[in-house]
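Work through the exercises below with the model open beside you. Try each task before you read its solution.

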Amino acid sequence: MRLHVLALNPTDSVTEGFLPAARRLGLDVTLLTDQPAAHRAAYGADTSVRIQECDVRDFRAVVSRLSAGRPPDAVFTNSDHLQVQAALAADYFGLPGKDWRAALRCKDKAETRRRLAATGADTVWSAELPADRDPADTLAGLDVPFPCVIKPREGVASEDVVRAEDPADLAARAKEIRANRPGDALVVEEFLPGELLTLETLGDGTVRHVLGGFRTTLSPPPYFIEERLTFVPAHPAPVVAQVLAQLDALGVGFGACHTEFVLHEGRARIIEVNYRAIGDQCDLLLAELLGLPLFEYILRTHLGEALPAVLPAATGRAARLDYPYARQAGTLTAAPDPADLTVDGVRLAYRPLRAVGERHPLHRTNRDLLGVVRAIGPDDDTVERAVTSFLAGRTWEITP
C-alpha cells in the first residue's frame, strides 16, 4: 500500500516514529516536502523512503503531485502547518482522513475561540489583529482584559507567545511580534489561570481512546517555554469529559490529537489544539511507556483500519521529559553526547537537539531547547532523582 507523507523540516516524530512504523507495516512510502535536502541528510543511507520536492503548504500542489503518480492509499502528516492540506488531499482522493474544517479550526486560534464560543463549549475573551492592519490601530478600539496573552493566529511551539500585563506592555509586544512576522495575523486573548496540562487522544472516527496526558512546567513569565513534562496516566473523569466536549465542538476525533488545557478550580479550558501526535519526543516516550505500537495505530487509521475497541491501561510506571534550554544567544561550545542509561530501575535517554558549534539567537520559545531527557521508572520520586542527577552532571556552554 502507498503512503504519502507531507512534511516541512525533519522531525523526530517522523524520522524515529512514523517512518520506522511504516516500514514495519510494509508500506511503500513517498515523502513530499519543500525541504528535500534536509530530509535526505536526516535519513542518511536509508533509501526506503522516496523524497519528492513539493510546495506542501499549497494543497493544490499536493493534489497535482499525487495525481501525477500512482494513486495513494493514504495521505498523512504530523505537521501542525500541513493538517488542512493533508485533509483536503485525502478527501480529494476519497481516502480516510481528518475533516479539513476541524483541522482549520485547530490551526487558526481565532477560529478555535469563535467555534468554542458559538457552540457553547467555552467562551474566552479574544480578538484578532488582522495581518493587513497596524496592531496599534486595532488595539485602540478594544477593551482588553489584563493580564492577557498575545500570539500568532497560526503559530506553534510557543513561538512569539507572550503575556502582557498592561496596555503599554501589550502594544510593545504586538509591535515586536509583528516585526518578526510582518505578514501574520495575531490573536489577543485573556490569560487563563491554572495548571497547564495535556490530553493525548487517538481516534478512528468511531472509537476514541484517551492515552493519558502530561503536566507541563513552564519557564517564568512572560514567555512560555516548556521546561518539563510529567506523565499523568489519567486525569479525573470530569476533567477529561470537559476537554472531550470541547474537542467534539471543534469536530476533532480522527487520528492523533495533542490538546493543551488549563485546569482551574475544577474547570478545564483549552489553550490550543494540535491536531497531531504530541512532539518533542513525548510521542516516543508515550509509545515506550504504554507498550503500544502507537505510530502504527495512527497510520492504520489513515489507511481506513479500525482501532482496537480497548487499549491496554497505563503500566503504573512514572515518566517525564526535561528540556535544558538556552538562556542567551550565542554558539553552543560544549554539550553532552547522546546517552542511554539505566539508573536505579530508571531507563533514561538523552538526545541533543542542537549541535555543538551551532550559533543561534535567543528565541524565548521551544526553539531554544538544547536537548531532551526522557526517563521511565517505577515511581515519580525515583525518576526525579535519576533525572536531577543526570542533569547536574552535565553542562551546556554557550559562548556569546
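**Exercise 1.** In which loop is Pro-147 found?

*Solution.* Pro-147 sits in the loop between α7 (135-139) and β6. Helices (H or I, at least four residues) and strands (E, at least two) are DSSP runs, numbered from the N terminus. Phe-146 and Pro-147 are joined by a cis peptide bond, with omega about 0 degrees.

Two notes on the source. This is a predicted model, in which local features need pLDDT of at least 70 and side-chain atom pairs count only at pLDDT 80 or more, while totals for chains, interfaces and linings use all residues. Residues are numbered from 1 along each chain as its sequence is written, and side-chain values use heavy atoms, with hydrogens and water left out.

**Exercise 2.** Describe the overall build of the protein.

*Solution.* Count the elements: there are 12 helices and 20 strands. Then take the spans: along its principal axes the C-alpha trace covers about 55 × 50 × 45 Å. Now test the radius of gyration (taken over C-alpha atoms; the globule rule is 2.2 Å times the number of residues to the power 0.38). A compact globule of 400 residues would have a value near 21 Å, and the protein agrees because it has 21 Å. Last, the domains: the assignment, automatic or from a database, gives domain 1 (2-95), domain 2 (125-190) and domain 3 (195-399).

**Exercise 3.** How do domain 2 and domain 3 meet?

*Solution.* Start with the contacts (heavy atoms within 4.5 Å). Here 12 residues of domain 2 touch 10 residues of domain 3. Next comes buried area, the accessible area (1.4 Å probe) that two parts lose on being put together, summed over both. Between these domains it is about 920 Å², and carbon and sulfur atoms give 50% of that. Ser-158, Glu-159 and Arg-163 supply 40% of what domain 2 buries against domain 3, more than any other three residues.

**Exercise 4.** How many salt bridges link domain 2 and domain 3?

*Solution.* Apply the cut-off: a side-chain nitrogen of Lys or Arg within 4 Å of a carboxyl oxygen of Asp or Glu. The count is 1 salt bridge. Glu-159 and Arg-367 pair in a salt bridge through their side chains (3.2 Å, N to O). β6 (148-152), β7 (162-164) and α8 (167-180) each give at least two residues to the side of domain 2 that touches domain 3.

**Exercise 5.** Where in the chain do the partners Asp-28 and Arg-70 lie?

*Solution.* The whole structure holds 30 salt bridges. In one of them, the side chains of Asp-28 and Arg-70 meet (2.9 Å, N to O). Asp-28 is in strand β2 (residues 28-33), and Arg-70 is in the loop between α3 (59-67) and β4 (74-77). The pair links distant parts of the chain, 42 residues apart.
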